[in-house]
There are 2 protein chains.
Amino acid sequence: MKSTVLTVGTEILFGSIVNTNAAYLSQQLQLLGIDVMYHHTVGDNDRRLRDVIDLCFRDCDLIVTTGGLGPTEDDLTKETVAAALGDTLVLHQPSLDAMRARIEMNGRKMTPNNVKQAYLPSRATPFPNACGTAPGFALERDGKIIMCFPGPPHELKDMWERQALPYLAKYVDGVIYHRMVRTFGIGESALETKLLDLIDGQTDPTLATYAKPGIADVRVASKRKTLEEAKAAVEDMIGKVMDRVGDYVYSTDGEEIYDVLAKRLIRDGITLSVAESMTGGLFAGKITSTSGVSAVFDRGIVTYTNRAKIDELGVSEGTLETHDAVSPEVAKEMVEGLAKKTGSDLCLSVTGYAGPGGGTEECPVGTAFIGCSYKGRTIVHHLLPGPNDNRELNRNRALLTMASVALGMLDGKR
Amino acid sequence: MKSTVLTVGTEILFGSIVNTNAAYLSQQLQLLGIDVMYHHTVGDNDRRLRDVIDLCFRDCDLIVTTGGLGPTEDDLTKETVAAALGDTLVLHQPSLDAMRARIEMNGRKMTPNNVKQAYLPSRATPFPNACGTAPGFALERDGKIIMCFPGPPHELKDMWERQALPYLAKYVDGVIYHRMVRTFGIGESALETKLLDLIDGQTDPTLATYAKPGIADVRVASKRKTLEEAKAAVEDMIGKVMDRVGDYVYSTDGEEIYDVLAKRLIRDGITLSVAESMTGGLFAGKITSTSGVSAVFDRGIVTYTNRAKIDELGVSEGTLETHDAVSPEVAKEMVEGLAKKTGSDLCLSVTGYAGPGGGTEECPVGTAFIGCSYKGRTIVHHLLPGPNDNRELNRNRALLTMASVALGMLDGKR
């Protein structure tokens with residue numbers, strides 16, 4: 001089954017709000033094995049809405065709409081949908097009664113334009129709204145289906161789970177299972193090159209690569225008759241992916257690298273402390289976003305000034321003078337000082353140029369030195385500048401590298 | 001001028017990522033006075049992409065696309081766009097040279113599929129990419145324009161500002177000027193109530209409120225013949241807004257509260273140190289995201305364990321035992337210990353329950369105590385739990401409150 005997610009509303013077109021409903025519905029439809037071919041957003045305009053519906057039905061059997069069910073005059077989704085499937089609106093008394101009860105329960109009075117919300121296409125399957133006034137509905141004709149939901153996300157989600165899932169059960173054959181393999185340190189195009197025959201040759205499971213700054217993901221998905229079969233096919237393919245690019249993989253489960261590291265530390269009872277200059281506390285912030293990490297995270301020290309590096313970490317003034325604050329020597333003294341002070345099993349340090357100012361010929365903006373000390377051994381990783389000198393991205397690259405270096409040390413790969 | 005925002009990419013259709021690019025482009029187009037009639041998202045499919053382009057051009061003169069410019073085989077936006085406007089792709093040597101320089105600077109090698117990214121429609125106006133490999137471009141024919149941008153948001157934004165704005169200048173009549181007034185500590189609906197007559201009564205300047213967790217913004221925009229007229233109208237309206245809700249405003253310029261604080265500290269040469277428990281280093285990370293802050297930011301201490309609070313900040317064991325680590329007493333000892341240790345002019349501390357676990361009957365999850373010490377005076381602010389107990393939102397609320405408390409102290413309001 002193929003589908004479209006159609007959002008009706010000017011607030012999306014103004015950019016005032018981000019269309020999270022479309023992402024939610026896409027995920028839900030995928031989970032049912034229903035392909036999503038389009039997202040469309042249209043204002044409250046009858047002709048354009050109708051054009052889009054007609055376009056969607058060239059490829060799709062199902063259109064899921066959100067928004068445009070409100071009480072005001074410009075809310076015309078229902079009229080247009082009914083017309084597209086050869087129906088007209090009639091008053092749906094149970095919806096009107098439910099609406100009156102809800103409004104009066106809140107101590108308000110029905111307004112005439114509320115009544116408009118209780119009109120539904122005559123052949124519609126109504127979806128009562130447990131969280132708001134506007135009912136949703138599904139309407140079918142000749143194998144084409146339109147399902148209409150209200151725009152507020154909590155109303156949509158509640159109605160989807162209570163009403164849409166049972167309604168759609170009869171149309172869903174097969175089950176989709178997917179996993180997200182996450183890599184660091186290999187670009188998207190190099191990753192794809194290594195997986196090209198798997199990507200090109202496969203219809204199921206399918207592989208697709210996605211890039212974010214510093215990270216490249218591979219989504220492995222399978223649609224089979226049963227969940228077990230789909231899972232087995234995905235696991236098998238993940239094995240092949242690991243054979244080729246396993247060195248770069250930090251999660252086969254879509255997790256953030258910081259979560260992977262934090263959970264590993266919690267599982268193995270390895271304590272951690274961090275000394276940050278360039279990243280200004282963000283690494284500690286990332287690691288502590290995982291709940292339960294307080295069992296193993298001891299402390300973080302953000303040493304922005306030379307004075308702080310000397311006082312807090314025992315970095316020597318001589319080293320700072322001879323080698324500059326951004327140097328492998330300082331990264332090493334930072335992490336060794338931290339290890340001595342805290343006794344934590346795993347210690348990390350970072351010093352670098354986040355930019356836009358600063359940097360030297362030898363160490364341009366984007367350069368970072370990352371110290372890592374584990375089981376009495378210290379290494380310093382030299383991170384070269386990335387493809388841009390944006391402060392946020394430079395700091396982000398350093399953060400990802402810190403986590404990657406730490407995982408490498410724990411795994412005995414560094 | 002009427003426009004469409006067209007996103008190309010299966011990751012949006014899968015719901016793996018939310019389409020923030022569409023919201024950004026909508027806002028940008030609105031600022032230029034260009035109406036947005038549609039948002040569309042299509043996968044990498046030539047025929048469906050073409051169908052959507054044809055549909056858009058029934059109503060619109062301008063289509064702005066993002067995504068589908070990648071190096072991989074399924075990236076076919078350029079081919080389809082060129083065909084829709086009667087053009088074909090040719091190798092654009094300057095783009096290829098720039099791409100090679102960028103890739104080699106990073107110590108990587110061009111792959112054959114990178115070369116694909118340097119092909120552009122023969123009549124295109126190229127948009128060099130300052131943040132990545134794929135160039136964008138604009139292509140026109142018979143009054144119809146398609147502008148293509150890469151999908152990664154930072155590449156899109158950089159290219160939009162550097163390339164698209166100058167390119168579009170000739171199509172825009174009248175000038176839009178806008179300012180974003182940012183508030184903290186007043187909800188969106190209370191804010192709207194206080195500004196309701198200004199919002200309802202005005203056609204120009206227009207006011208619109210936007211809410212994010214903890215923050216409510218007011219966008220004041222004017223479209224006039226000249227920039228001077230538009231600016232004057234906006235400034236005048238901002239004056240009215242300040243008269244009503246000025247106590248809650250921390251920026252009339254769309255700045256983050258952390259930037260406002262950091263710039264204030266830099267301007268006045270006020271040194272800062274921070275001791276964080278609940279927020280795990282994120283406050284230091286936020287403050288150090290402002291370039292130049294190294295002149296005033298001394299250090300941050302992330303004391304997650306009691307041991308760290310005692311060692312690093314001199315919190316007394318007795319206080320931790322009697323009052324619990326999350327208490328006003330501990331927040332006070334943390335900040336006073338930090339001030340004593342560092343001698344920084346302004347010191348902040350925070351201790352609280354981020355959740356999901358933890359919390360007590362007296363201090364449920366979401367509670368935080370924020371210590372602030374300035375010019376020898378220390379206060380402790382008690383932050384009550386918010387409307388949810390999500391770890392990320394709780395930490396974020398604490399971060400915003402820390403910045404707000406610090407600004408209040410500097411202003412003598414606390």
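Predicted model: local features only at pLDDT ≥ 70, side-chain atom pairs only at ≥ 80, totals over all residues.
Tutor: Residues are numbered from 1 along each chain as its sequence is written, with chains lettered from A and ligands numbered from 1 in the order in which they are written.

Student: How many residues does chain B put into the contact with chain A?

Tutor: Two residues are in contact if their C-beta atoms, placed from the backbone, lie within 7 Å. Chain A brings 64 residues to the contact, and chain B brings 67.

Student: And how many residues on that side of chain B are charged?

Tutor: Asp, Glu, Lys and Arg count as charged, Ala, Val, Leu, Ile, Met, Phe, Trp, Tyr, Cys and Pro as nonpolar, and the others, Gly among them, as polar. The side of chain B that touches chain A has 24 nonpolar and 32 polar residues, and its charged ones number eleven.

Student: Which residue is the bridge partner of A:His40?

Tutor: Strands (E, at least two residues) and helices (H or I, at least four) are DSSP runs, numbered from the N terminus, and two strands pair if DSSP finds at least two bridges between them. S2 of chain A and S2 of chain B, residues 35-42 in each, pair in the antiparallel sense over five bridges. Within S2(B), the partner of A:His40 is B:His40.

Student: Is strand S13 of chain A enclosed or open?

Tutor: A residue is buried if 20 or more other C-beta atoms lie within 10 Å of its own, exposed if 12 or fewer, and partly exposed in between, with C-beta atoms placed from the backbone. One side of S13(A) has A:Leu272, A:Val274 and A:Glu276, the other A:Ser273 and A:Ala275, and all are buried. Because five of the five residues in S13 (272-276) are buried, the strand is largely enclosed.

Student: What stands opposite A:Val274 in S14(A)?

Tutor: S13(A) and S14(A) (residues 297-303) run parallel, joined by five bridges. Opposite A:Val274 stands A:Gly300.

Student: Which residues does B:Met402 contact, leaving aside neighbours within four places in sequence?

Tutor: A nonpolar core is a set of buried Ala, Val, Leu, Ile, Met, Phe, Trp, Tyr and Cys residues joined through C-beta atoms within 7 Å. In the largest one, of 108 residues, B:Met402 is among those touching the most other members. With those neighbours set aside, its contacts are B:Phe283, B:Leu348, B:Val350 and B:Ile370.
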